[in-house]
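Work through the exercises below with the sequence and the 3D structure open. Each task is followed by a solution in steps.

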Amino acid sequence: MTMQGWFLILAFVAILVATAKPMGLWLFALYEGRRTPLHLILAPVERGFYAAAGIDPAKEQGWRRYAVHMLIFNAVLMILTYALLRLQAVLPLNPTGLPAVGEHLAFNTAISFTANTNWQSYAGESTMSNLSQMLALTIHNFLSAATGIALAFALFRGFGRAQAKTVGNFWADITRITLYLLLPICIVYTLVLIAQGVPQTLAGSVSVQTLEGARQTLALGPVASQEAIKMLGTNGGGFFNANSAHPFENPTALTNLLQMLSIFLIGTGLTWTFGKAVGNPRQGWAILAAMLILFLVGTAVAYGAEAAGNPILHQLGVAGGNMEGKEVRFGIAGSALFAAVTTAASCGAVNAMHDSFTALGGLVPLFNMQLGEVVIGGVGAGIYGFLLFAILAVFVAGLMVGRTPEYVGKKIEAREVKLAVLAIAVLPLVILGMTALASVLPAGLAGPLNKGPHGFSEILYAFTSAVANNGSAFAGLTASTPFYDGLLGVAMWIGRFFVIVPMLAIAGSLAAKRQVPESAGSFPTTGGLWVGLLVGIILILGGLTFLPSLALGPIADHLAMLGGHIF
Amino acid sequence: MGKDFTSALRPAIVLALLFAALLGIAYPLAMTGLGQLLFPVQANGSLVRDASGQAIGSTVVGQAFTGERYFRTRPSAAGKGYDGMASSGSNLGPTSRVLADRVTADVAAARAAGISGPLPADLVTASGSGLDPDLSPTAALAQAPRIARLRGLPLDRVQALVASITVRPLLGDPRVNVLALNRALDATGRR
């Protein structure tokens, strides 16, 4: 570990905390449906969209209607993407003449991008035409992100309102979030990325003659416009196979820092927005503090393990940290930090190959996802996932003092706790169940590239990433088979929507309750005790459920590495 | 429930089409237009051209250097090495026998090329993309004696060349662009 490395990590956290309030304020304006300066230009577009689609933005929806409309919109988008991928060969903007995307791969990819996962069973440069990248994939990057933020808004309204029947208008929420938040940031961000060296062209590739006289063909395309929303919307689906490790996606140390910041930008702002929505910004800061504690511990472990390097290679005469799968321009700190960020959020972009991390360095991304990606988390999904844990935390605190639990002015009763447990229990059930299945079936065992415990880690990582809607991979696993494409597709769908529906039911149930004023007997949910309780609940639930599987994978791998065993 | 369903169809289909037009077509095309106008070099891959205008590579993407008279780039898992159409890392884990065997062979090759002492890690490990354009300054300097000998240049001159190409960003590790370094080497006159 170096001073320079820690300086990067601390600078990252400092910039992030500084953005929380400005970003949170902007999000709060959208949450309330207030005018922003951008309305001057974009309000006519917004009105036009409503008029064409027959939407009355002032007409609010109950949680059931909000949920059904959200599901149908996502289903329509998914079908559209599946059709575009299957018809790719006959559609325009296909400069390298790629064939149609196969059935199971198109199925997997359509679900994956709808669910904000962006798992890549494919190599972008040799599978997706420019039209597919732009039209079939980029729109999901925007709209799955907008859906996530809208859902968080619905839950905030549940906490913030009293005796209300509605939680907002889904169509107005996603339209405002897309027009006044995602699109403007992406326009500026895209231009910065291009200036730094990210291509933006409709050409498919360019051929050069290298200094040694060989021919090298470089894949090109409209990369920057997709890169911007890929990071900002915590989507993570790269234009190229190597994702943000590819120099055309992430050419400099500066773009690397910007990419990491943009993954966390909206999720961090939403913690402040939550505090504001429930009338006390300190509630938001308490959540952010708990998130950052979990984040920094994970980052330090990953950085430490990668900087220490691989003793098996040291024996061969190699010095220093683990550089297999890493780029020189990011270094070990910039790669370990990126890995922690991308899995704490549900982004899944990678700037280094997680499969080649040391055993403990690779355990951190895996564990971050298993916690449910509530450490900042995916845009919207992170904070609503976190609030599910907060409900359980006040429940536990209530049991200890023998009082009905309250959180930010709402009584938490049996219905909310049951629904929260339901949403949280989906994660381990599906991850561990499907991993077990793939670990015994021949079609599952055909997947891993690496042998020994690391091969099991590859399978466990795949299902964790799919259910948690992350999309990063221990990419040695060959997942473009009917077995993995199919099973992972189902896993991504369950991981997204089986959490959302109980969460919206909680929003509806909370909105209908009256506000309870804070009293001397209320458990305070702003101080250090509360932050500690939150961290504890998240670690115990994540740790206890997944520890046995981690022992079989990364921990066994670590002991083998220390003992010099190779497989 | 039935009414919830039917009332969603029109907004879902119309908004999906409108957003597809805005986000999937207008946005990337407008960005392409602006990018081509404002940053034509970067938007088209940051190509480097020789005196005759022939494209010889990209400043941001790595290319293979396998000959003895050039600074060598890192091992690459992209296709057969530095394949710009097949970016990839090796994805080999820390306890992989394949990895250990590959590194053993690369260490032996480095020793044969006259590099002694602990080997800089980036010299014998594959990058994440297989297209890493850089080396660490240590990995470049380790190759300097070989280059000086084969090119008949004083060692300190080669070392100074490496130092002049080294970039030290504020928030990142120092790095040497291998294409820029080898071009500078060619420009020193003696081949």
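**Exercise 1.** How many bridges join β5(B) to strand β6 of chain B, and do the two run parallel or antiparallel? Then place the pair in its sheet.

Solution. The model is a predicted one.
- Step 1. β5(B) and β6(B), residues 175-177, are joined by two bridges and run antiparallel.
- Step 2. One position to look up is B:Val167, which stands opposite B:Arg175 in β6(B).
- Step 3. The sheet is open, has three strands in the order β4-β6-β5 (chain B), and its pairing is antiparallel.
- Step 4. The edge strands, β4 and β5 (166-167) of chain B, each pair on one side only.

**Exercise 2.** Describe the hairpin of β1(A) and β2(A).

Solution. 
- Step 1. Strand β1 (residues 205-209) of chain A pairs with strand β2 (residues 215-219) of chain A over five bridges, in the antiparallel sense.
- Step 2. Within this pairing, A:Ser207 has A:Thr217 of β2(A) as its bridge partner.
- Step 3. Five residues lie between the strands, and A:Gly213 in the hairpin has a positive phi near 95°.

**Exercise 3.** Where does helix α19 of chain A bend, and by about how much? Start from the span of the helix.

Solution. 
- Step 1. α19(A), residues 528-563, contains 36 residues.
- Step 2. At 1.5 Å a residue a straight helix would reach 52 Å, but the end C-alpha atoms of α19(A) are only 41 Å apart.
- Step 3. The helix bends by about 60° at A:Leu550, and the proline A:Pro554 follows within four residues.
- Step 4. After α19(A) comes A:Gly564, with a positive phi near 75°.

**Exercise 4.** Which element gives the largest share of the side of chain B that touches chain A? Build up the contact from its totals.

Solution. 
- Step 1. Chain A puts 103 residues into the contact and chain B 91 residues.
- Step 2. On the side of chain B, the elements giving two or more residues include α1 (2-38), α3 (97-112) and α6 (178-187).
- Step 3. α1(B) supplies the largest share, 25 residues.
- Step 4. By kind, the residues on this side of chain B are 50 nonpolar, 32 polar and nine charged.
- Step 5. A:Val318 has B:Leu119 in β3(B) as its bridge partner.

**Exercise 5.** What separates the centres of the two domains of chain B, taken over C-alpha atoms?

Solution. 
- Step 1. The domains of chain B are domain 1 (2-43) and domain 2 (47-187).
- Step 2. Their centres, taken over C-alpha atoms, are separated by 41 Å.

Definitions and conventions
Residues numbered from 1 in each chain as written. Chains lettered and ligands numbered in written order. Predicted model: local features only at pLDDT ≥ 70, side-chain atom pairs only at ≥ 80, totals over all residues. Contact = placed C-beta atoms within 7 Å. Nonpolar A, V, L, I, M, F, W, Y, C, P; charged D, E, K, R; others polar. Pairing = 2+ DSSP bridges. Domains from an automatic or database assignment. Expected span 1.5 Å × (residues − 1). Bend = angle between axes of the 7 residues up to and from the residue.
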